[in-house]
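Here is a short briefing on a predicted model.

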Amino acid sequence: MSQFTHFNEAGQAHMVDVGDKAETRRVAIAAGSIRMQPATLEMIAQGTARKGDVLGIARIAAIQASKRTAELIPLCHPISLTRVDAEFVIAAPDTIHCRVTAETVGRTGVEMEALTAASAALLTIYDMAKAVDRGMVISEIRLLEKSGGKSGHWIAPT
């Protein structure tokens, strides 16, 4: 079994040294879902939510969150993102699926940026629709795929 990389020999938390790693193109895809009342989903899908374009704002939140991941997750390296894309799929009658792709050329992966972006997008949907549906459930936030770096290509088991 692999060791946790964010602890040194003394068991203390530290930022992983990536200085000797090669710069490679790195891509990560993360996803999650939010379930709500069908009437809430209809308002979002029709664009009639009182606060405006819920999915458009959630897309911007995903991009913004990805760029701030190192400020939120204590041991993440700040990285230069080359692309972040957030997609939403409405799965009637009550669910929105979010899928985020994050990319960089660098010495460390973008998994945390993709996961943070998906989380922020779903939280934004919750925030914008909570006035009509406080019972929404955010679930299944996970990494679907990553590529690049020494560990290569990984796809989540189905």
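Thr116 lies in helix 4. Its relative accessible area is 13%. Buried means under 20%, so Thr116 counts as buried.

**Thr116**
- The Thr116 side chain comes to 2.7 Å from the backbone oxygen of Met112.
- Leaving out residues up to four places away in sequence, Thr116 touches Ala65, Thr69, Leu72 and Ile73.

**Nonpolar core**
- The largest nonpolar core holds 30 residues. Those touching the most other members are Met36, Ile44, Phe88, Ile96, Val100 and Ile125.
- At least two core residues come from each of strand 1 (24-35), helix 1 (38-46), helix 2 (54-67), strand 2 (81-91), strand 3 (95-106) and helix 4 (111-129).
- Helix 4 gives the largest share, with nine residues.
- Beyond its neighbours within four places in sequence, Ile96 has contacts that include Met36, Leu41, Ile44, Leu55, Phe88, Leu122 and Ile125. Gly32, Ser33, Ile34, Val89 and Ile90 are also in contact with Ile96.
- In soluble globular proteins, nonpolar side chains tend to be buried together.

**Strands**
- Nine of the twelve residues in strand 3 are buried.
- Strand 3 runs antiparallel to strand 1, and twelve bridges join the two. Here Val27 faces Glu103 of strand 3.
- Strand 3 also pairs with strand 2, again antiparallel, over ten bridges. Val89 sits opposite His97 of strand 3.
- Three residues separate strand 2 from strand 3 in a hairpin.

How values were computed:
Residues are numbered from 1 along each chain as its sequence is written. This is a predicted model: local features need pLDDT of at least 70, side-chain atom pairs count only at pLDDT 80 or more; totals for chains, interfaces and linings use all residues. Side-chain values use heavy atoms; hydrogens and water are left out. A nonpolar core is a set of buried Ala, Val, Leu, Ile, Met, Phe, Trp, Tyr and Cys residues joined through side-chain atoms within 4.5 Å. Buried means under 20% relative accessible area, exposed over 50%, partly exposed in between (1.4 Å probe, protein chains only). Helices (H or I, at least four residues) and strands (E, at least two) are DSSP runs, numbered from the N terminus. Contact means heavy atoms within 4.5 Å. A polar contact is a pair of N or O atoms within 3.5 Å; within protein, one must be able to donate a hydrogen and the other to accept it, and residues adjacent in sequence count only if both atoms are side-chain atoms. Two strands pair if DSSP finds at least two bridges between them.
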